[in-house]
Amino acid sequence: STISVMSSEGAAPISSSLPPAPPGHPPKVTNRGRSAVPISTLNSQSSDVPEFEPFGAPGPRGFPPMSEYLDIWEVDMMRKPDESNKQEHHTMLFNSDHLLVRRGQEFKIKIVFNRPYVPATDLFAVEFVIGSSPQYSKGTHIPVFTTKDRQSSWGGRVTDTVDNAVTVGITPAANCIVGKYQMYIAVKTPFGIRRTRRDKSRELYILFNPWVSDDAVFLDDEAERQECVMTEIGIIYHGTIDDISERNWNYGQFNYGVLDACLYILDRADMPITSRGDPIRVTRKASAMLNSRDDDGVLVGNWSGDYTYGVAPTSWTGSTEILLTYASSQTPVCYAQCWVYAAVFNTFLRCLGIPSRVATNYFSAHDNDGNLKMDIILDEGGRIDRSRTRDSIWNYHCWNECYMSRPDLPTGFGGWQVVDSTPQETSDGMYRCGPASVQAIKHGQICFPFDAPFVFAEINSDVVFYTRDKDGTLVPVKVNRTHIGRAVFTKSPGAMTRRDITDQYKFPEGSKEERTVLEKAEEFGCPREKADLPAGDVDLVLPILELSVGDSFELSLEFVNRSGQRRTVDAYISGSVVYYTGVTSSEFLFKNPTVTIAPNNSVKESVAVESKKYMKSLVEQANLHFIATGKVQETGQIVSAMRVVTLHNPKLNVTVSAGGKVNEEMTVAVEFTNPFTFSLEGVYIRMEGPGIMLPMSKYYSLIPGNSSLNWTEFFVPQRAGSRTVIASLDCAALRQVNGTASVTIEP
């Protein structure tokens with residue numbers, strides 16, 4: 001191809017020939033010529049360690065027989081769920097035949113030799129190898145010795161000796177690499193080192209350890225550890241602040257194949273093996289890899305309402321199917337929205353041992369301008385100019401919090417960190433967010449990495465109404481400083497209840513501390529609207545409504561005159577179907593009454609809304625957004641009020657047979673009645689439950705109006721205790737239909 005470049009003087013073009021670009025993706029560039037050995041970025045690949053490593057060249061007849069020296073007959077990894085390793089390391093719930101342990105804490109293996117072990121003369125080591133280029137200096141090849149006078153970065157000791165069997169205690173370093181290791185037993189002879197052969201049964205996984213104080217993810221609260229690492233069922237809050245909804249989610253972090261899928265995500269990101277012991281780097285890399293925007297990550301985001309080529313975000317019931325599909329297909333999974341990103345990210349973090357939880361921020365600012373203002377533009381008459389109003393206020397937004405120390409920040413900014421994998425804005429060139437210290441956000445110290453200004457704006461922005469004059473000038477006429485970040489909720493530890501954590505993010509609205517924080521944030525480049533507008537004497541109140549899909553209703557607005565004079569308001573009332581991101585889909589209601597209010601009095605203006613006007617244009621999550629604005633004729637004051645109404649969907653009825661026992665067949669039934677007069681087409685039902693049922697799905701091409709369906713399935717529970725089955729129903733005409741059932745499984 002030929003490229004023509006115009007010289008600075010505008011003379012004749014300069015031509016240069018370049019080779020044509022290859023079709024498709026560019027070839028992957030290697031590190032050849034840049035480093036002496038390949039940089040290891042794949043945990044799934046590992047080098048074979050030689051079975052015999054001679055100290056020198058063999059003699060003319062080779063090496064003599066090794067029969068008189070110590071030889072390994074058997075290695076017991078003590079990997080069963082009921083054995084001490086998995087019990088003490090809190091990994092007994094993982095559905096894996098391999099040994100899984102947590103770093104910074106001793107685990108044990110049993111080695112059977114060909115004869116009794118003699119400590120004075122027999123020298124052996126337990127070697128751990130990770131990645132394709134193991135090096136002692138990089139922490140990817142770790143020999144563990146059992147004598148006190150010779151120790152490596154990992155501790156080792158002989159804890160018991162019985163006949164030919166030796167039990168060895170091994171303590172991985174509290175900052176070691178997290179991932180899948182190969183283990184070898186190496187015995188020193190006068191002629192060289194002899195090792196066991198590579199054996200899949202001697203592979204083991206080492207995870208982060210929130211139970212050990214030397215680990216960066218140490219969390220000194222057992223109730224929080226149980227909730228944020230060990231709990232498999234979560235609650236994700238959605239809806240609106242006035243009508244909070246919840247849905248259960250199966251994180252499934254202990255399900256078969258999920259841990260390997262999580263490690264594959266880091267492999268797919270080409271994350272160097274040597275960086276995988278740092279939770280800051282791991283969480284930042286994962287926040288980019290959970291979305292597919294720029295790196296073919298796990299999930300494709302879709303807010304359009306058209307999910308023809310994938311699964312609707314509202315249809316998912318857990319993370320297992322998503323992660324296993326991504327690992328097996330090696331292509332992004334369709335589709336996700338913020339709560340799906342947060343839920344799958346939560347599975348990733350808990351699976352690797354990083355304490356985490358899903359948090360929901362109600363009225364979350366998505367500001368494209370990088371300031372603390374959500375700009376709403378009004379025309380001269382007080383009506384919203386939708387063509388010029390670009391900022392959006394999400395009804396809610398879900399992100400993750402993970403717990404870790406932050407040695408890269410000043411003292412006091414460790415603890416809970418915000419990470420967000422929903423692709424909103426780029427950070428260092430990629431769609432990712434965090435980890436950002438919650439303490440730093442609360443105190444306005446948003447100069448610290450990573451992405452604290454973005455999160456700060458999500459919970460602290462002002463809603464500013466502007467009028468636009470004929471010459472294009474924008475004049476602020478009203479500022480609402482309390483609408484954004486109304487509340488942040490997460491699940492309570494050990495209970496299926498809601499926990500308000502707003503005070504961890506911000507001081508009370510209007511307090512002295514809040515003003516100080518906002519001033520501090522302004523020093524770091526987050527300007528806010530400083531207009532000190534006079535208080536008006538007319539208020540506009542929109543009621544709280546609780547409605548179901550298909551309801552007709554009456555919207556009643558109250559105009560309150562707090563002055564001693566009559567007031568006349570030219571009002572605009574708009575009703576729109578909106579996505580939960582605040583983006584308008586279509587307008588179904590518009591009225592422009594003129595209201596006269598007597599002194600120190602109030603007037604109610606009612607508007608009838610028929611269901612047929614909004615039903616045909618509903619989008620998923622069924623949100624109706626009402627906004628009323630008006631201009632007071634006598635004073636020029638602008639009044640406004642906003643209300644988001646989430647329409648309630650019908651529920652699924654889920655029932656589980658009683659008297660369940662481990663490994664005995666049970667039944668679960670899902671019942672649903674179509675409450676509408678029209679048919680539902682293309683209906684998918686999904687259900688799953690941690691420890692008792694893997695994800696299942698069923699398709700119904702048609703459910704006629706006012707008719708019912710009943711789906712019964714058999715399952716065999718694998719674990720005892722209190723268990724939950726989660727089910728969802730989804731189709732183009734009806735989203736976010738859920739149901740759960742709890743059951744107690746006897747051993």
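User: In this predicted model, what counts as a helix, and where does phenylalanine 450 lie?
Analyst: A helix is a DSSP run of at least four residues, numbered from the N terminus. Proline 449 and phenylalanine 450 are joined by a cis peptide bond, with omega near 0°. Phenylalanine 450 lies in the loop between helix H7 (438-442) and H8.

User: Which residues does UniProt list for "binding site", and how far apart are their C-alpha atoms?
Analyst: The unreviewed UniProt entry lists Asn460, Asp462, Glu509 and Glu514. They span 55 residues in sequence, yet they gather at one spot, because no two of their C-alpha atoms are more than 13.2 Å apart.

User: Is asparagine 460 buried or exposed?
Analyst: Asparagine 460 sits in helix H8 (residues 452-460). Beyond four places in sequence, asparagine 460 touches Ile484, Lys506 and Leu518. Its relative accessible area is 7%. The cut-off for buried is under 20%, so asparagine 460 is buried.

User: Which residues does glutamate 514 touch, not counting those up to four places away in sequence?
Analyst: Glutamate 514 belongs to helix H9 (residues 512-523). Glutamate 514 is buried, at a relative accessible area of 11%. Its contacts beyond four places in sequence are Phe507, Pro508 and Glu509.

User: Is aspartate 163 buried or exposed?
Analyst: Aspartate 163 is not a glycine, yet has a positive phi of about 55°. Its place is the loop between strand E9 (155-162) and strand E10 (165-171). Relative accessibility is 63% for aspartate 163, and the cut-off for exposed is over 50%. Aspartate 163 is therefore exposed.

Technical notes
Residues are numbered from 1 along each chain as its sequence is written. This is a predicted model: local features need pLDDT of at least 70, side-chain atom pairs count only at pLDDT 80 or more; totals for chains, interfaces and linings use all residues. Side-chain values use heavy atoms; hydrogens and water are left out. UniProt positions are given in the numbering used here, feature names are shortened, and annotations may be inferred rather than shown by experiment. Helices (H or I, at least four residues) and strands (E, at least two) are DSSP runs, numbered from the N terminus. Buried means under 20% relative accessible area, exposed over 50%, partly exposed in between (1.4 Å probe, protein chains only). Contact means heavy atoms within 4.5 Å.
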